[in-house]
Amino acid sequence: MASTIRVRATNNGDTTEVQALIQHPMDSGFIKDAKGELIPAHFIQQLTFEYNGKTVFLADWGPAVSKDPYVKFAFKGGAKGDELKISWVDNKGATDSTTAKIA
Amino acid sequence: MSARNIVLATVLVMTGTLPARAASEADFKAAYAAAEAAEKQADQLRNKWITTETELATAKKAAAAGDFDAAIAAAREAEALANASIYQATSEKTRWKDMEIR
Amino acid sequence: MVKAFSLASILALALLAPALADDKPDPAADQKAFQEFFVKKFPKVKYDDFVNGPYSMDEGLHKQWEEKEQFPPYEFAVETGKEMFSTPFKNGKTYADCFPNKGIGIRQNYPTFDEKEGKVITLELALNRCREANGEAPYNYLKDEMASLTAYMAFTSRDKKMDIKIPSDPRALEAYENGKRYFYTRRGQLNFSCATCHVQSPGERIRSEVLAPALGIMNAMPIYRSEWSGMGTTSRRLATCNSQTRAVPLEPQSDEYRDVEYFLSYVANGLPISGPGARP
Amino acid sequence: MSTCQSPTRRLILQGAGSVALFGTLSITPALAAANDKYPEDAFKQKSDADAIKALYGKTAEASDKVKLDAPEIAENGAVVPIAVTTTLADVTSISFFVSENPNALAASYVIPAGTVPAVANRLKMAKTCNVIAIVESGGKLYSATKEVKVTVGGCGG
């Protein structure tokens with residue numbers, strides 16, 4: 001299956017702009033299901049972006065980040081064709097990672 | 001008929017028919033059958049209301065718990081709602097044209 | 001003198017024409033009136049922007065939408081749909097085998113009227129029929145796989161103009177008229193018709209939501225609704241509309257729903273496909 | 001039907017530790033750096049003041065150098081686009097707090113040297129309240145606050 005992570009990284013000369021969308025329920029633990037039972041909290045806690053072996057952005061998330069979370073940032077440097085490594089881990093210990101080419 | 005009128009009609013029907021003595025299962029069955037018949041007619045007109053269905057379910061539940069007063073009250077409300085939905089579907093057969101963009 | 005007389009009679013006829021047209025179904029005239037109504041009611045909205053629903057009505061919403069569109073929440077559905085589209089059924093055939101042009105860029109032609117069957121065929125119905133014809137179980141009409149498939153098909157048809165045909169078959173005209181009647185008929189305990197919200201009050205808030213204009217509402221299907229926290233099909237949208245007026249929704253793809261989709265799509269002819277859409 | 005149905009879950013669970021909420025984190029190799037530890041305690045605080053204290057151990061001062069971009073009226077509390085930019089130098093982190101959420105801290109971002117001090121994300125808001133953005137710059141905290149009206153509460157409300 002496809003990765004849970006979608007990334008768009010674009011270099012505009014000095015900086016590289018990165019946008020990511022991740023498929024994840026981000027259940028808050030406050031919502032009830034159809035049977036009236038609480039859906040246990042299930043959310044991404046950390047999301048890391050690495051470039052050239054160095055962390056360029058690190059997100060610490062709680063359950064108040066929206067379902068299928070989105071984040072945008074930019075870092076100085078980066079070049080077209082270079083790879084960016086993205087990984088996340090959630091509160092149940094599940095993880096996913098992917099690499100994306102800078103365009 | 002506006003939404004408010006329909007609601008008003010519902011209330012009037014309900015208040016006029018509160019049972020004075022403790023109701024029996026037979027009373028409930030009659031009230032429920034009448035409500036079901038009206039809802040069936042609404043279904044044929046493709047215009048059932050969620051609120052009618054909710055009252056029917058409430059009536060059944062109350063009857064199962066032996067509370068026939070509550071069951072009959074809910075069944076009568078269901079019948080009134082079903083009748084209002086029948087009235088709506090019937091009058092809309094021609095009235096829908098008033099809304100048309102032309 | 002003769003010439004003047006005939007001219008006068010033509011004028012008289014022309015004046016009489018609208019009154020006569022009342023009884024005779026005229027989809028082309030409906031379409032024109034429908035589009036003019038919205039253009040007149042919302043002079044500031046760009047014509048092609050009507051397909052963006054509530055976002056065309058409210059500046060603050062429009063900005064939030066633009067931000068969301070940078071990486072829209074329906075992306076996953078489009079990708080899943082694409083994958084499903086290229087995955088063969090057990091018999092080796094694919095969805096592409098069921099559709100003209102292999103299913104790519106054809107969303108704007110649905111619903112279509114099937115003259116053999118005498119009924120309206122929606123895209124969702126065609127997809128499930130394709131599955132069944134190839135020995136696969138049909139999907140739930142409301143969301144998930146069905147929404148992914150239609151999201152992908154809409155995505156490949158973006159910006160193509162809605163192009164619904166009503167063949168000269170009395171049954172097609174009847175289906176169109178039935179759809180129109182369904183659209184304008186009040187139902188549910190709240191005594192609302194589709195038009196109450198989407199013709200009389202687009203741009204206004206009801207239960208805090210900004211109402212979408214009826215014009216072009218189908219062009220955006222399927223949609224990711226924040227309220228649903230997920231994707232929903234045309235079937236889901238229609239069922240939700242019903243239950244919000246406290247009417248019991250009909251079965252997905254029942255004749256009424258097929259016909260109203262036919263009507264709403266036809267009157268939006270010429271407006272671009274914008275689906276899949278994101279909605280509050 | 002709940003409005004917060006999860007999508008098809010095709011996430012691979014690691015080992016049998018899935019019940020323990022926070023147990024497996026410290027040993028996850030990708031997140032080895034010590035200062036990158038997940039601020040679990042701060043996320044558990046209820047009020048924004050307590051959460052800021054737990055996260056940073058100090059208080060913030062309002063600054064017009066922190067620009068918080070959030071809608072006046074959220075289209076839906078489940079998805080509120082919120083962004084921050086700043087002209088402050090030496091920024092090391094940016095955090096978002098939603099004052100009336102069950103737990104105020106929503107997200108916190110580590111900004112390493114060389115990363116532009118600007119973040120856009122989408123957050124859930126339970127009801128109308130203040131969104132607070134905190135920028136940590138040169139070891140000090142600067143904040144911007146904006147009220148966002150929420151008419152449809154975030155996710156199943």
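In this predicted model, strands β4 (residues 80-86) and β7 (residues 118-123) of chain D pair in the antiparallel sense, and six bridges connect them. One of the bridged positions joins Val84(D) to Val119(D), the latter in β7(D).

This pairing is part of a sheet built from two chains. Its six strands are arranged in the order β1(A)-β2(A)-β5(A)-β7(D)-β4(D)-β2(D), with antiparallel pairing, and the sheet is open. At its edges stand β1 (5-11) of chain A and β2 (66-69) of chain D; each has a single partner strand, so one side of each is left without a neighbour in the sheet. From one strand to the next, the twist averages 15°. In the strand order, β5(A) stands beside β7(D), which is where the sheet passes from chain A to chain D.

**Chain D as a whole**

Two helices and nine strands make up the secondary structure of chain D. Chain D has 157 residues, of which 41% count as buried. Among the contacts in chain D with a separation of 6 or more, 65% are between residues 24 or more positions apart.

The average pLDDT is 79, and 74% of the residues score at least 70. Over residues 1-34 of chain D, however, pLDDT stays under 50, although the model has 57 contacts beyond four places in sequence for this stretch. Where pLDDT is low, the predicted coordinates should not be read in detail. For the model, the scores are ipTM 0.72 and pTM 0.79.

**Contact between chains C and A**

Chain C contributes eight residues to its contact with chain A, and chain A contributes nine residues. On the side of chain C that touches chain A, three residues are nonpolar, two are polar and three are charged.

**Backbone features in loops**

Chain C has a cis peptide bond between Tyr110(C) and Pro111(C), and another between Met221(C) and Pro222(C). Pro111(C) belongs to the loop between α4 (75-86) and β1 (112-114) of chain C. Pro222(C) is located in the loop between β4 (209-210) and β5 (223-225) of chain C.

Positive phi values occur at Asn52(A), a residue other than glycine, and at Arg246(C), which is likewise not a glycine. Asn52(A) is placed in the loop between β3 (44-51) and β4 (54-61) of chain A. Arg246(C) is found in the loop between α9 (234-244) and α10 (255-266) of chain C.

| Feature | Angle |
|---|---|
| Cis bond Tyr110(C)-Pro111(C) | omega about 0° |
| Cis bond Met221(C)-Pro222(C) | omega about -5° |
| Positive phi, Asn52(A) | phi near 55° |
| Positive phi, Arg246(C) | phi about 65° |

Asn52(A) counts as exposed because it has 11 C-beta neighbours inside 10 Å, and the cut-off for an exposed residue is 12 or fewer. Arg246(C), by contrast, has 21 C-beta neighbours inside 10 Å and therefore counts as buried, the cut-off for a buried residue being 20 or more.

Technical notes:
Residues are numbered from 1 along each chain as its sequence is written. Chains are lettered from A and ligands numbered from 1 in the order in which they are written. This is a predicted model: local features need pLDDT of at least 70, side-chain atom pairs count only at pLDDT 80 or more; totals for chains, interfaces and linings use all residues. Helices (H or I, at least four residues) and strands (E, at least two) are DSSP runs, numbered from the N terminus. Two residues are in contact if their C-beta atoms, placed from the backbone, lie within 7 Å. Ala, Val, Leu, Ile, Met, Phe, Trp, Tyr, Cys and Pro count as nonpolar, Asp, Glu, Lys and Arg as charged, and the others, Gly among them, as polar. pLDDT is the predictor's confidence in each residue, from 0 to 100. Two strands pair if DSSP finds at least two bridges between them. Axes are lines fitted to C-alpha atoms, for helices over the stretch in contact, and angles run from 0 to 180 degrees between N-to-C directions.
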